[in-house]
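Please keep the view open while I talk.

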Amino acid sequence: MDRIPLDREKESQVIGTSTQFSVSANVQVPVYNTPVTPYENFKMMLEGKVPFWMPTDQDEFSIIPRIIPDNRARALVYDAEPLLPEEKGGKDWFGIEWEFVPTVGGSMVKPGKPRLSDANDWPKLIKFPNLDDLDWEGSSKKIAPHVNRNKLIELWIMNGLFERLISFMDFEGAAMALLDEEQQDAVHALFDKLCLFYDDLIGRFQKYYGAQIIQFHDDWGSQRAPFFSYSTCEEMLLPYLKRVVDSCHKRGIYLNFHCCGKNEMLLPAMIEAGVDLWVPQPMNDTVMLAKKYGDRICLGAYPEQLPPDASDDVIKNAAKAFMDKYKGFYRLFVFGGMAARTNPAFAKLIRETYFISREEYNKL
Amino acid sequence: MSIVKEIAAAVEAGKSKQVGGLVEQALAEGIEPNVILNEGMIQAMGVVGEKFKNNEIFVPEMLIAARAMKKGVEILTPYLAKQGVEPIGKVILGTVAGDLHDIGKNLVGMMIEGAGFKVLDLGVDVPPEKFIEVMKANPDCKVVALSALLTSTMPAITSTVKAIEEAGLRNTVKIMIGGAPVTQAFADEIKVDGYSEDAASAAELAKKLYGVA
């Protein structure tokens, strides 16, 4: 595609608005006069081409359907209607009870009474949901009028593989089951069945919502280190993550791996699985990762947090510092859409990264 | 390899099924229970903690080692009691009020237990009154360990410390804190006696606070 020089005045124009779903209240966000659509631009990054600007998570249109019990249980629904307070928490798709914690704005399984104390018991105690039980058509009809098809349509799968095991066994039980020779076969069999389930789910996400990227949730680490070693990951998780990625790729869908924690040492496993995009949390060395692996995976990066009343100079300097930090890398996207909704200075910072990257990327 | 070393190796490798048999064998050979405990199991857990701190091993390895030690201790407990061998001391442990997270707290509990302490685990969402009640019931307990995973529940650490002060018990215990958002600076600010950033360091800190490090 021909490079187009930045026209700051023209590209600052707001040519409309589009809906952005959120948990508490859906909002209208500005649509700017960009040289290509955010979808086309995002796709360039995912395909390893130099995009026109550094994409942001605001260039995705995220859908987390309320019909899926997991999403209500975890109090994370992006749908035509915001989630009601009384819908937050409760039973997930597998009948596991989640408790909504208002101060966090999210839910957790109340620890201490796991469904499984031994992974070998899952065939007796875990009933897989029937995907035909949900009203997919009704859900997609309600959502469709709001969707901005100029953005990359992203559907979320909560509770991936290890997180699902944690929901069944509590954290300690799940962690030990990954290493316990007497439980490992059962864990493999459970993950195998989960992969079949997710394959069917991804197919429905494409059919009913037009999914173009799947955000697959599976937190693998704490703030100081991964929960498990590379070899445990390689043996117990990588083969199944790869199958989920394959379920996406065979349908022309990308996979955005949501994996919180200091997991930089596990990035090679994500790459081997074929993950298209990972947003390392700030405790990871994202610059090092971009240098080392930036040719094989797209990474998200967090700009500096700013106070909402930061001056224009502070904002511009922060945007410049952010872009300088990642100079020369173009398989990167700016993470901060949530913060931008509530922090005007951060929203301006993201706009500044647009203008800087528009110029910088044309030089690459 | 001596039987005590075999026990240590089995604990470190998390071979819980082997540990029981090895402990019984060691007892049958006339090895003192406290030697089995200290040189076989507690030392092994020290190695596990060090490796965990250095990211040579991870949570699953640490958990299965703790589980293996527990198996050994179960067999050893009556023999230790007969000999009058006591734990190093007691540690009261809990996640503060309003916080349901137990992962870090449980890991800390296992490592402190692995270091030879008796842990009184009060669970999650523990109100200050509960800490005070258990402190009063266990006047020989010299360390209280408080955990919080959320920035929003960190103030509950402060209020728990304040409640302990108001109950006139602050001088009877050392207080240590930890959890994802907790820092040494916060520990200094609220004037507690120690902070640790991971479970292995927490066990070392408990020993230090008890003066046995």
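**Helix packing and the chain contact**

Let me begin in chain A, where H5(A) passes H7(A) in a right-handed crossing, a crossing being right-handed if the near helix is turned clockwise from the far one by less than a right angle, and left-handed if anticlockwise. What we are looking at is a predicted model, in which local features need pLDDT of at least 70 and side-chain atom pairs count only at pLDDT 80 or more, while totals for chains, interfaces and linings use all residues. Residues are numbered from 1 along each chain as its sequence is written, and chains are lettered from A and ligands numbered from 1 in the order in which they are written.

Helices here are DSSP runs of H or I with at least four residues, numbered from the N terminus. Helix H5 of chain A covers residues 136–143 and helix H7 covers 184–209, and the two pack at about 50° with their axes 9 Å apart; the axes are lines fitted to C-alpha atoms over the stretch in contact, with angles from 0 to 180 degrees between N-to-C directions. H5(A) and H7(A) are therefore oblique to each other, given that under 35 degrees counts as roughly parallel, over 145 as roughly antiparallel, 65 to 115 as roughly perpendicular and the rest as oblique.

Moving to chain B, helix H1 (residues 3–12) and helix H2 (residues 16–28) pack at about 165°, again with an axis separation of 9 Å, and H1(B) and H2(B) are therefore roughly antiparallel. H1(B) passes H2(B) in a left-handed crossing, whereas its crossing with H3(B) is right-handed.

Helix H4 of chain B, residues 59–82, has 24 residues and reaches 34 Å from its first C-alpha to its last, close to the 34 Å expected at 1.5 Å a residue, the expected span being 1.5 Å times one less than the number of residues. In H4(B) there is a kink of about 45° at Leu76(B), shortly before the proline Pro78(B); the bend is the angle between axes fitted to the seven residues ending there and the seven starting there. Just after H4(B), Gly84(B) takes a positive phi of about 70°.

Which residues join the chains, then? In the model, 19 residues of chain B are in contact with 22 residues of chain A. H4 and helix H5 (103–114) of chain B are the elements giving two or more residues to that side of chain B, and H4(B) gives the most, with six.

How values were computed: Two residues are in contact if their C-beta atoms, placed from the backbone, lie within 7 Å.
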